[in-house]
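Have the structure open as you read.

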Amino acid sequence: MQQWIAEIAYETTSGPKKVTETFFLPSVDDVRDAVTKKGGYPLFIREHKRSSIERLLARSTWWQVQLLRGIQFRSTSTSPGVALWKIIQAEDNPRRQNILAPAREALARGLGVIDALKALNVFDHGTLAILAGSERANRLVEGIPHAIHSITQKKKNSRAIMGTLSWLAFDVFSIVSSLWAGKDMVLGYFRDNPPTEPDALEKFERVVGNLELTWDTLIFTSVASGVFMAWCMFSYFMNRGKKDWPTARVVRKIPLIGGYLRDLAFADSMFAAARMLHGLVPINDTLEQSAEASSAPDVAQYWLISKKDLERGVNLGAALDREPLRRNERLELASLSDLDQVATVMESIAEMREHAAKTKHKLIVWIAFALTGVFLVLAFGSAIYALTVMNMSMDSVMGGLMEGAI
């Protein structure tokens with residue numbers, strides 16, 4: 001489904017009249033058919049695209065929470081679908097009207113409240129999974145607080161990821177700036193002070209050439225790392241809401257970072273499953289929606305396989321007791337004796353995964369800090385080695401560099 005903007009001409013008693021209308025339909029042909037049925041003539045049809053400001057506003061945690069709270073508050077006297085319709089009708093901010101337009105079109109076509117919320121394309125898979133599961137159990141109002149808690153929890157996880165990326169970006173910038181500035185300074189001094197003897201000059205050119213190659217390799221490696229990080233951040237932003245894409249598959253193959261993202265995915269889906277069970281969502285629907293809640297393929301596959309085993313009559317504890325869960329997590333699941341304990345055990349596993357993710361986060365930061373030191377040691381250590389080979393003193397180099405700077 002997609003939102004479309006159409007300019008339509010209608011025949012009126014006073015002559016042709018041109019109006020602009022929005023449609024939420026699968027294709028351009030469907031829009032043309034809808035316009036024709038209304039007695040109009042389509043002049044121009046284009047796909048609606050949100051502006052940058054609208055995208056940032058729609059992905060704002062505060063705005064998402066306020067929308068769900070508005071549905072929860074109004075649902076005390078009416079159905080959630082009607083509550084959402086009233087919120088849309090009462091909105092007078094043009095930007096928010098554009099954001100809510102797909103939901104309005106979905107409701108106008110008779111779709112349910114979950115379909116309308118999905119049409120907004122602002123909520124993540126985990127939040128929609130909790131809401132969809134609660135709606136299937138006819139307890140959407142009770143499920144909204146759990147969805148809000150999921151949104152705020154994911155905001156904390158996003159802050160942790162952004163903190164990690166910011167630190168890595170700072171490391172890369174420090175390396176590149178230090179090497180770039182030091183290369184011209186050190187190599188420039190060497191080239192300005194060559195020896196005069198032929199044998200010494202040949203040795204000098206060989207050593208300086210190797211030093212330049214070393215520094216160029218370090219600079220290229222650090223710049224390539226920075227470009228890769230920038231591309232990953234851009235790709236994750238542009239593909240937000242998708243299940244899988246090439247950049248995500250590449251990032252998941254990086255040993256430590258892949259494990260970090262997997263732990264976060266398990267924590268999110270386990271928390272989502274626990275909240276759905278607290279909201280009295282049936283266990284089959286909980287497992288299915290938990291798979292929808294995760295963007296990590298291996299985590300989603302875990303839930304789907306568990307659901308299939310449960311449908312074959314396997315005990316719930318045995319159905320959930322499988323890889324990629326760790327041994328201590330599987331021991332907790334194997335000890336299940338009744339359904340009332342499932343939510344508690346899942347919350348416990350989610351907390352363990354969250355703790356493991358925090359540990360990996362700290363390790364990533366420390367490794368990045370250590371790599372910064374390694375790069376700088378290789379750079380300036382190779383320069384000092386070149387000095388010793390060419391029988392130059394550090395004092396003479398520093399003196400020459402200071403004189404050049406003055």
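Start with helix H8, which gives the positive surface patch its largest share, three residues. Keep in mind as we go that you're looking at a predicted model. The patch itself is made of Lys155, Lys156, Arg159, Lys358 and Lys362. Two helices each give two or more residues to this patch: H8 (140–192) and H16 (342–389). With a relative accessible area of 56%, Lys362 is exposed, because exposed means over 50%.

There's a negative surface patch to find too, formed by Glu197, Asp199, Glu202 and Glu205. Look for Asp199 in helix H9, which covers residues 198–238. Asp199 is exposed as well, at a relative accessible area of 65%.

Now for some charges that have found partners. The count here comes to 11 salt bridges. One of them joins Asp263 and Arg326, whose closest N and O atoms are 2.9 Å apart. This pair links distant parts of the chain: Asp263 belongs to helix H11 (residues 255–278), while Arg326 lies in the loop between helix H14 (316–320) and helix H15 (327–334), 63 residues away. Is Asp263 buried or exposed? Its relative accessibility is 1%, so Asp263 counts as buried. Arg326, on the other hand, is partly exposed at 31%.

Next, check out Glu329 and Arg353, another salt bridge with its closest N and O atoms 2.9 Å apart. Here helix H15 supplies Glu329 and helix H16 supplies Arg353, and the two are 24 residues apart. Both ends are hidden away: Glu329 is buried at 0% relative accessibility, and Arg353 is buried at 2%. Salt bridges with shared partners tie Asp263, Arg326, Glu329, Arg353 and Lys360 into one network.

Glu311 is partly exposed at 48%, whereas Lys307 is buried at 15%.

Last stop: helix H4 (residues 80–90). Its buried residues are Ala83, Leu84, Ile87 and Ile88. Why do they end up on the same side of H4? They cover an arc of only 140° around the axis, so they share one side. Turn to the other side of H4 and you'll see Gln89 and Ala90, which are exposed.

Conventions
Residues are numbered from 1 along each chain as its sequence is written. This is a predicted model: local features need pLDDT of at least 70, side-chain atom pairs count only at pLDDT 80 or more; totals for chains, interfaces and linings use all residues. Side-chain values use heavy atoms; hydrogens and water are left out. Patches are made of residues with over 30% relative accessible area and no salt bridge: like charges are joined within 9 Å, nonpolar side chains (Val, Leu, Ile, Met, Phe, Trp, Tyr) within 5 Å. Accessible areas come from the Shrake-Rupley method with a 1.4 Å probe; for residues, only the protein chains shown count as cover. A salt bridge is a side-chain nitrogen of Lys or Arg within 4 Å of a carboxyl oxygen of Asp or Glu. Lys and Arg count as positive and Asp and Glu as negative; His and the chain ends are not counted. The place of a charge is taken as NZ of Lys, CZ of Arg, CG of Asp or CD of Glu. Helices (H or I, at least four residues) and strands (E, at least two) are DSSP runs, numbered from the N terminus. Buried means under 20% relative accessible area, exposed over 50%, partly exposed in between (1.4 Å probe, protein chains only). The arc is that of the directions from the helix axis to the C-beta atoms.
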